[in-house]
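Opening my notebook on this one. I want to go through the strands and then the surface charges.

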Amino acid sequence: MENNKLKIIALTNATTFQRLNDSLSAADIVLVGLTKTSDVINLVRQEKCDFFLVDSLFDEADYACASLGELDVAPVGLLIHEDETNWKQLGFWDVDGFLPQEAGTVELTARIKAILRRSRKTPLVLTRRRPKE
């Protein structure tokens, strides 16, 4: 694997993984599909990862987002399904961004890169100026 390729670990089912892999491989993105949060955590301890993608329909998606957020090694994106999205519930999940399952290669890649850009920025710290004496 080349060093300049983006590595994404996806927690999703086989069908969604295959669709994502077909789409993202064209964008020079390496996608690793797993079906258990514990497998992701174990893999991250061994290998570098640039981004986590969690399917909102995944059985333990909320737990996965919280666990991956606590690891703080890469941003977490949540793959949402238009017909099955409960925004009141998802608003409380620890994610860095949302990606529509229906998105094509260009949109999906752009959204992932935007989340990566936002996550790398350091927060602006405002300080008070001392009055001159």
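Buried means under 20% relative accessible area, exposed over 50%, and partly exposed in between (1.4 Å probe, protein chains only). In a regular strand the side chains alternate between the two faces of the sheet. The strand spans residues 6-11, and six of its six residues are buried.

Before going on, I noted the ground rules. This is a predicted model, so I kept in mind that local features need pLDDT of at least 70 and side-chain atom pairs count only at pLDDT 80 or more, while totals for chains, interfaces and linings use all residues. Residues are numbered from 1 along each chain as its sequence is written, and side-chain values use heavy atoms, with hydrogens and water left out.

Next I looked up the pairing (two strands pair if DSSP finds at least two bridges between them). β1 runs parallel to β2 (residues 29-34), with six bridges joining them. L11 sits opposite L34 of β2. β1 also pairs with β3, again in the parallel sense, over four bridges; here I8 has F51 as its bridge partner.

**Strand β3**

β3 covers residues 51-55, and five of its five residues are buried. I checked each face: F51, L53 and D55 are buried on one side, F52 and V54 on the other. Four bridges join β3 to β4 (residues 76-80), and the two run parallel. F52 stands opposite V76 in β4.

**Whole chain**

I get five helices and five strands, in the order β-α-β-α-β-α-β-α-β-α from the N terminus. Helices (H or I, at least four residues) and strands (E, at least two) are DSSP runs, numbered from the N terminus. Of the 133 residues, 43% count as buried.

**Surface charge**

Which residues gather in the patch of negative charge on the surface? I found E70, D72, D94 and D96 there. Patches take residues with over 30% relative accessible area and no salt bridge, joining like charges within 9 Å and nonpolar side chains (Val, Leu, Ile, Met, Phe, Trp, Tyr) within 5 Å. A salt bridge is a side-chain nitrogen of Lys or Arg within 4 Å of a carboxyl oxygen of Asp or Glu.

I picked out E70, which lies in helix α3 (residues 61-71). Why does E70 count as exposed? Because its relative accessibility is 70%. E70 and D94 are 24 residues apart along the chain, and their C-alpha atoms are separated by 8.9 Å.

Conventions. Accessible areas come from the Shrake-Rupley method with a 1.4 Å probe; for residues, only the protein chains shown count as cover. Lys and Arg count as positive and Asp and Glu as negative; His and the chain ends are not counted. The place of a charge is taken as NZ of Lys, CZ of Arg, CG of Asp or CD of Glu.
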